[in-house]
Amino acid sequence: MFIHNFKYSLKVLFKDKMLIFWTFMFPIILGTLFSMAFSNIEDSEKLDVIDIAIIENEKNDIVNNAFNSLDDLFNVSYVNLEEADDLISEDKITGYLVLDDKLKVVVNQNGVYETIFKYVVDQILEYQKIVSVVSLELKDNMDASANMDLFISNIYKEVMEKMNSEVNVKDISSKNLSYTMIEFYTLIALTALYGGIFAVVSLNKCLANMSTKGSRIEVSPTKKSV
């Protein structure tokens, strides 16, 4: 009896065109549109290596070391001021950095790459200030006969402690993770939610106050578990 009722309940449900559309066809159509809309969105937003220049006749070890460690983001050329002006006027570089008493960023226009370049320089300035403050503190407390290597080691230790005192975010996500996948996960959740409509429709057909079939079921001698 249970198999008989189950089979015919499925036949009734699958003949409901509106129900089939919202639970099967709509998620497929929406998933296809998502795929078409998001297929190239990450490629268009992908950041290329940023070409910049640093004036070569001025030395700043902190800045040079910082940009050397960011070689996957910046392609650095060491040129003189005239060459830097020529490169930026020909749009061969995003901007250049003048290592003066204050770091000076020179760009030709406003844009994403220029903003990233400026932000990185601002962060380097912050770390440079930390190093300067810690150096002065340690130098005042250092003995004249103290070892310079120990002095430098203490500076490094103090700076790292100050930097690590702030909350650091560790990225452990997969390299293949795509932020557009959230839309497809949401679509799966939507489909699962719409799947509950089958249960609602089936239950409504069994309720006496919802349909004549429900009334017949309620007065029939068949067990409710069936």
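This passage walks through a predicted model of one protein chain, from the overall fold down to a few single residues. Since it is a prediction, local features need pLDDT of at least 70 and side-chain atom pairs count only at pLDDT 80 or more, while totals for chains, interfaces and linings use all residues. Residues are numbered from 1 along each chain as its sequence is written, and side-chain values use heavy atoms, with hydrogens and water left out.

The protein chain holds 9 helices and 4 strands, where helices (H or I, at least four residues) and strands (E, at least two) are DSSP runs numbered from the N terminus. Along the sequence the order goes α-α-α-β-α-β-α-β-β-α-α-α-α. Of the 226 residues, 22% are buried; buried is under 20% relative accessible area, exposed is over 50%, and partly exposed is in between (1.4 Å probe, protein chains only). Taking contacts (heavy atoms within 4.5 Å) between residues at least 6 apart in sequence, 59% join residues at least 24 apart.

Helix α2 covers residues 17-38, and its 22 residues should span 32 Å at 1.5 Å a residue, which agrees with the 30 Å between its end C-alpha atoms. The expected span here is 1.5 Å times one less than the number of residues. The helix isn't straight all the way, though: a kink of about 40° sits at M25, shortly before the proline P27. That bend is the angle between axes fitted to the seven residues ending at a position and the seven starting there. At the start of α2, a side-chain oxygen of D16 comes to within 3.3 Å of the backbone nitrogen of M18, a polar contact (a pair of N or O atoms within 3.5 Å; within protein, one able to donate a hydrogen and the other to accept it, with residues adjacent in sequence counting only if both atoms are side-chain atoms).

Buried positions in α2 are L19, I20, T23, P27, L30, G31 and F34, and they pack against α1 (2-14) and α8 (181-206). An α-helix has 3.6 residues a turn, so residues three or four places apart point the same way. T23 is a handy example: its relative accessible area is 7%, so it counts as buried. A polar atom of the T23 side chain lies 2.6 Å from the backbone oxygen of L19. Setting aside neighbours within four places in sequence, T23 touches T191, Y194 and F198.

Over in the strands, β3 (residues 95-99) has 5 of its 5 residues buried. G95, L97 and L99 point one way, with Y96 and V98 pointing the other. On one pairing, β3 runs parallel to β1 (residues 50-55) over 3 bridges, with L97 as the bridge partner of I54. Another pairing is antiparallel, with 5 bridges to β4 (residues 103-107), where L99 stands opposite L103. Strands pair here if DSSP finds at least two bridges between them.

Helix α5 (residues 81-89) contains D85, which is partly exposed at 33% relative accessibility. N80 caps the N-terminal end of α5, placing a side-chain oxygen 3.2 Å from the backbone nitrogen of E82. Just after this helix, D91 adopts a positive phi of about 60°.
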